[in-house]
Amino acid sequence: MSKRYTCTVCGYVYDPQKGDPDSGVAPGTVFEDLPGDWTCPECGAPTDAFEAA
């Protein structure tokens, strides 16, 4: 099972099994494979603001 990552700014949890379809990220996309310009869909924080949950 892939790790989930939590935004340290707002608490949003990125779940690889769900992806982020609204931002064009398909389900099954692991955090490390997110596009370089992907940001938290809740607050806009960059990926370096996330921690493994």
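**View 1. F31 and W38 are both buried.** Buried here means under 20% relative accessible area, exposed over 50%, and partly exposed in between, with a 1.4 Å probe and protein chains only. This is a predicted model: local features need pLDDT of at least 70, side-chain atom pairs count only at pLDDT 80 or more, and totals for chains, interfaces and linings use all residues. Residues are numbered from 1 along each chain as its sequence is written, and side-chain values use heavy atoms, with hydrogens and water left out.

**View 2. The structure holds six aromatic pairs.** Rings of Phe, Tyr and Trp (its six-membered ring) pair if their centres lie within 6.5 Å; planes under 30 degrees apart count as stacked, over 60 as edge-to-face and the rest as tilted. Y5 and F31 make a stacked pair, with 4.1 Å centre to centre and 10 degrees between the planes. Y5 sits in strand β1 (residues 5–7) and F31 in the loop between β2 and β3, so this pair ties together parts that are 26 residues apart in sequence. Both Y5 and F31 are buried. F31 also pairs with W38: the ring centres are 6.5 Å apart and the planes stand at 85 degrees, so this pair is edge-to-face. One aromatic cluster takes in Y5, Y14, F31, W38 and F50.

**View 3. Twelve residues form the largest nonpolar core.** Such a core is a set of buried Ala, Val, Leu, Ile, Met, Phe, Trp, Tyr and Cys residues joined through side-chain atoms within 4.5 Å. The members are Y5, C7, Y12, Y14, V25, F31, L34, W38, C40, A45, A49 and F50. A45 touches C7, V9, T39, C40 and F50, leaving aside its neighbours within four places in sequence. Contact means heavy atoms within 4.5 Å.

**View 4. G19 is placed in the loop between β2 and β3.** G19 counts as buried because its relative accessibility is 6%. Leaving aside neighbours within four places in sequence, G19 is in contact with Y12, Y14, V25, A26 and P27. F31 is twelve residues from G19 in sequence; the C-alpha to C-alpha distance is 8.8 Å.

**View 5. T29 lies in the loop between β2 (13–14) and β3 (50–52).** T29 counts as buried because its relative accessibility is 17%. Its side chain reaches the backbone oxygen of A26 at 2.7 Å. With neighbours within four places in sequence left aside, T29 is in contact with Y14, P16 and L34.

**View 6. The whole chain has three strands and zero helices.** From the N terminus on, the elements run β-β-β. Helices (H or I, at least four residues) and strands (E, at least two) are DSSP runs, numbered from the N terminus. The C-alpha atoms fill a box of roughly 25 × 20 × 15 Å along the principal axes. The chain has a radius of gyration of 10 Å, which agrees with the value near 10 Å for a compact globule of 53 residues. That radius is taken over C-alpha atoms, and the globule rule is 2.2 Å times the number of residues to the power 0.38. Buried residues make up 32% of the 53 residues. Among contacts between residues at least 6 apart in sequence, 44% join residues at least 24 apart.

How values were computed. Polar contact = N/O pair within 3.5 Å; in protein donor to acceptor, adjacent residues only side chain to side chain.
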